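Reader: I'd like to learn how to read charged pairs in a model. Can you walk me through it?

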Amino acid sequence: MSDPLWLMLVKVLGIFLFLLLTVVLAIVIERKVVGRMQMRPGPNRVGPKGWLQSLADAIKLALKEDITPFNVDRVIYALAPVISTVPAITAFAVIPLGPEVSIFGHRTALQLADLPIAVLFVLAMSSIGVYGIILAGWSSGSVYPLLGGIRSTAQVISYEVAMGLAFASVFLYAGTMSTSGIVAAQDRVWFAFLLMPAFLVYLTAMVGETNRAPFDLPEAEGELVGGFHTEYSSLKFALFFLAEYINMTTVSAVAVTLFLGGWHAPFPFNMWPAANTGWWPLLWFTAKLWGFIFVYIWLRGTLPRLRYDQFMALGWKILIPVALTWVLLAAGMRSLRNDGYENWQLALAGLSTLTTVVVLLALHRRFSALNTRRSESAPAPPVVAPEGSFPTPPLPQRPSSRAKEDIHG
């Protein structure tokens, strides 16, 4: 039974307010948490203990002068922030926030739209959102925004593949692409335990997809001034800022839905019979969502920005092979389960844990400080490029005594 129009409008308004409130809180909480990590107070002036700092920032951006450079493509320059923001909000429409509840006497699910291919819809929306960054860099008519847009293109190509393979593991094992069906399949065991390698691949890919530290290469301040949004100000810049945090919220909600049981109560609350009924599941979903947002903040306050070659190598040489291998294993386990081997679920959890440990040990061995010190203790001899070759320019020559006499007269 479909919802009446007024109820759908209430859901749309509720989702928008939920995202807006999450963004406002996430900004000020991030500044406070990072300040605590860096042994400084953080925002503490605007409002009670600084909790109205996000509101003050929004008012400041709205009142600032909107400066448009003279050599931009004005239509695309104005549309790029909208293209980044709208898909991030739209993708949240297929996220189930809870089971059926009563809203003004009508029974309805806490989900705006339950599509049979909802996972593919989320993937498509995340791909479209990156076009806003690419077009913003291209339309700005400046070198640094263009470089940021090019980096974003390479970023989405590299990490979208790994993310899609992580999704494939989930809906192969669950037997459905519907987000509500995937949540229902996790009523006993979360997929984060059964498909742990795919879960870790998605965690890494979602940070890369949202351009957050340590993968914030399209807006690297130390290299590209501000990256793709260098030429933006006022409300246009605010939309990019809003899009970043809404994207962060959306991909975190997808992680909760696909791997952490969605709105199902965690242990030990799931032992309470009424934990998964009524409005309680919305509380569990929100708590899990904020757990992922805290991970984002933690990464930003802990890790330095990766080099571009390290970023590409991580996507193509590690994430994609691991995700592809796990898709084959998950498909095989699904076939065994369909043939009646129910006990293979325990074997899958053990294999998942073992694979994760092996991959993490391999990564630690490759990137450990010990190997770094070994490589630094025996540096390779410097390669001297011939004069005039690219990219090393020729060194300036010291003028001879005759040239000095000619210069001074």
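This is a predicted model: local features need pLDDT of at least 70, side-chain atom pairs count only at pLDDT 80 or more; totals for chains, interfaces and linings use all residues.

Reader: Which residue does Lys11 meet in a salt bridge?

Author: The general idea is that side chains of opposite charge can pair when their charged atoms come close. Here, the side chain of Lys11 meets that of Asp3, at 2.7 Å from N to O. The structure holds six salt bridges.

Reader: What does the pair of Asp57 and Arg31 tie together?

Author: Those two side chains meet in a salt bridge at 3.0 Å, N to O. Arg31 sits in helix α1 and Asp57 in helix α2 (residues 53-63), so the bridge ties together parts that are 26 residues apart in sequence. Arg31, at 37% relative accessibility, counts as partly exposed.

Reader: And where do Arg212 and Glu244 lie?

Author: Their closest N and O atoms are 3.0 Å apart, in another salt bridge. Arg212 is in the loop between α8 (196-209) and α9 (221-224), while Glu244 is in helix α10 (residues 234-259), so this pair ties together parts 32 residues apart in sequence.

Reader: Is Arg212 buried or exposed?

Author: Buried, at 2% relative accessibility. Glu244 is buried too, with a relative accessible area of 16%. Salt bridges that share partners also join Glu30, Arg212, Glu244 and Arg300 into one network.

Reader: How many residues does helix α1 have?

Author: Helix α1 (residues 5-37) has 33, and it reaches 47 Å from its first C-alpha to its last, close to the 48 Å expected. After α1 comes Met39, with a positive phi near 60°.

Definitions and conventions
Residues are numbered from 1 along each chain as its sequence is written. Side-chain values use heavy atoms; hydrogens and water are left out. Helices (H or I, at least four residues) and strands (E, at least two) are DSSP runs, numbered from the N terminus. The expected span of a helix is 1.5 Å times one less than its number of residues. A salt bridge is a side-chain nitrogen of Lys or Arg within 4 Å of a carboxyl oxygen of Asp or Glu. Buried means under 20% relative accessible area, exposed over 50%, partly exposed in between (1.4 Å probe, protein chains only).
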